[in-house]
Each structure stands twice: as structure tokens, then as C-alpha cells.
Amino acid sequence: VMAVLRAAGNLKRQPEHADKKEDQLVYRAIKDVNLPKFLSQDIPLFSGIMRDLFPDVVLMPQDNQKLLSAMRNTMRERRLQPV
């Protein structure tokens, strides 16, 4: 529970999430904290449970362009080939 609360607080402090509703932030925090822990066959079950708990919440896809750009730059600097 503490990890989800910390993640939700971190999301709320980010400028791009400042206008989001609290239920969207909590949904994103629960998903971000728990999803990496599941096996691939458990993800549909988890997603179904989340839809049941938050039926009216619609999350926009995360924008990972900054991360992807930084990864490409680092790979270029280290002369690695992207896969």
C-alpha cells in the first residue's frame, strides 16, 4: 500500500499529471507498481480486476518519448545497435 501511495504522490507532483483526477492517478499508480510483478498470463486477470474497480476511468497511454530518446542517445554514444 505504501508503494502505491508514494507512486500516486509522485504522479501528482509531475506537471503533466497536475490536471488529472485522483481516481486516474490512483489507477495509474496501482498499475505501475503491480504490473511488473505479474507473469504474462496473469495480466489479463489483473486488467479485468482493475476495470471492475475503476469502471469509469480511462487512462491515456503513457508518453515514453523522452525515455526512448534518452535510450537511443545513450546507445549511439556507446556505439550499440538498437534491437
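From the N terminus on, the elements of the protein follow the order α-α-α-α. The model is predicted.

The overall dimensions come next. The C-alpha trace spans about 45 × 35 × 25 Å along its principal axes. The radius of gyration is 16 Å, whereas a compact globule of 83 residues would have a value near 12 Å. Of the 83 residues, 20% count as buried. The accessible surface comes to about 7100 Å². Carbon and sulfur atoms account for 57% of that surface. Contacts were also sorted by distance along the chain. Among contacts with a separation of 6 or more, 49% join residues 24 or more positions apart.

Helix α3 covers residues 43-53. Phe46, Gly48 and Met50 are buried in this helix. The cover over the buried residues of α3 includes α2.

Charged side chains were examined next. The protein has 14 positive and 10 negative side chains. The centres of the two sets lie 8 Å apart. Side chains of opposite charge can pair when their charged atoms come close. The structure holds 1 salt bridge. Lysine 12 and glutamate 22 form a salt bridge, and their closest N and O atoms are 3.9 Å apart. Lysine 12 belongs to helix α1 (residues 2-13) and glutamate 22 to helix α2, so the pair ties together parts that are 10 residues apart in sequence. Glutamate 22 counts as exposed because its relative accessibility is 58%, and the cut-off for exposed is over 50%.

Arginine 28 also lies in helix α2, which runs over residues 22-34. This residue is buried, yet arginine 28 has no salt bridge. The nearest side chain of opposite charge is that of aspartate 32, 4.3 Å away. Arginine 28 does have other neighbours. Residues up to four places away in sequence are not counted here. With those set aside, arginine 28 touches Leu11, Leu59, Met60, Pro61 and Gln62.

How values were computed: Residues are numbered from 1 along each chain as its sequence is written. This is a predicted model: local features need pLDDT of at least 70, side-chain atom pairs count only at pLDDT 80 or more; totals for chains, interfaces and linings use all residues. Side-chain values use heavy atoms; hydrogens and water are left out. Helices (H or I, at least four residues) and strands (E, at least two) are DSSP runs, numbered from the N terminus. Buried means under 20% relative accessible area, exposed over 50%, partly exposed in between (1.4 Å probe, protein chains only). Lys and Arg count as positive and Asp and Glu as negative; His and the chain ends are not counted. A salt bridge is a side-chain nitrogen of Lys or Arg within 4 Å of a carboxyl oxygen of Asp or Glu. Contact means heavy atoms within 4.5 Å. The radius of gyration is taken over C-alpha atoms; the globule rule is 2.2 Å times the number of residues to the power 0.38. Accessible areas come from the Shrake-Rupley method with a 1.4 Å probe; for residues, only the protein chains shown count as cover. The place of a charge is taken as NZ of Lys, CZ of Arg, CG of Asp or CD of Glu.
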